[in-house]
Amino acid sequence: FSNGLAWISATAKRNLDEALSEAERSQKLAPENPSYLDTLAEVHFARGDLQQAVEIQRHVVELAPLPMFRERLQRFEAALQPPK
């Protein structure tokens, strides 16, 4: 439940402090679960913590190199680039 709530909040960009708390709680229960880490990265991204989002998402891709995880990593990395 915590992970789902955090994901919805992050993608809606609402209640991000609560989302971070829920995502961290889920991640602590299963530290190497790529889905939980993916949610944590998405929450950091929504909060504007871009570098943290990229670092976590890189670990997600190492654990599970699925296309959806790679695409999110590309989106996060692109946000770190200065505007052209």
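Q: Which residues are in contact with Asp38, once its neighbours within four places in sequence are left aside?
A: Trp7, Gln57, Val60, Phe69 and Arg72 are in contact with Asp38, where contact means heavy atoms within 4.5 Å. The model is predicted: local features need pLDDT of at least 70 and side-chain atom pairs count only at pLDDT 80 or more, whereas totals for chains, interfaces and linings use all residues. Numbering starts from 1 along each chain as its sequence is written, and side-chain values rest on heavy atoms, leaving out hydrogens and water.

Q: Why is Asp38 called buried?
A: Buried means under 20% relative accessible area, exposed over 50%, and partly exposed in between, with a 1.4 Å probe and protein chains only. Asp38 has 4% relative accessibility, so it counts as buried. Asp38 belongs to helix H3, residues 34-47; helices (H or I, at least four residues) and strands (E, at least two) are DSSP runs, numbered from the N terminus.

Q: What makes the pairing of Asp38 and Gln57 a polar contact?
A: A polar contact requires a pair of N or O atoms within 3.5 Å; within protein, one must be able to donate a hydrogen and the other to accept it, and residues adjacent in sequence count only if both atoms are side-chain atoms. The side chains of Asp38 and Gln57 make such a contact at 3.0 Å.

Q: Which residues touch the most other members of the largest nonpolar core?
A: They are Val43, Ile56 and Phe76, in a core of 21 residues. A nonpolar core is a set of buried Ala, Val, Leu, Ile, Met, Phe, Trp, Tyr and Cys residues joined through side-chain atoms within 4.5 Å. Helices H1 (2-12), H2 (16-29), H3, H4 (50-63) and H5 (67-80) each give two or more residues to this core. The most come from H3, with six residues.

Q: Why is the pair of Phe45 and Phe76 called stacked?
A: Rings of Phe, Tyr and Trp (its six-membered ring) pair if their centres lie within 6.5 Å; planes under 30 degrees apart count as stacked, over 60 as edge-to-face and the rest as tilted. The rings of Phe45 and Phe76 lie 4.6 Å centre to centre with 25° between the planes, so the pair is stacked. Phe45 is in helix H3 and Phe76 in helix H5, so the pair ties together parts 31 residues apart in sequence.

Q: How do you know that Phe45 is buried?
A: Its relative accessible area is 16%, so Phe45 is buried. For Phe76 the relative accessible area is 0%, so this residue is buried too.

Q: What makes the charged end of Arg75 sit over the ring of Phe45?
A: The rule asks that NZ of Lys or CZ of Arg be within 6 Å of the ring centre and within 35 degrees of the ring normal. The charged end of Arg75 is 5.0 Å from the centre of the Phe45 ring and sits over it.

Q: How do you know that Lys13 is exposed?
A: Lys13 has 52% relative accessibility, so it counts as exposed. Lys13 is placed in the loop between H1 and H2. It has a positive phi of about 55° although it is not a glycine.

Q: Why does Ser9 count as buried?
A: Ser9 has a relative accessible area of 9%, so it is buried. Ser9 is located in helix H1. Beyond residues up to four places away in sequence, Ser9 touches Arg14, Asn15, Leu16 and Ala19.
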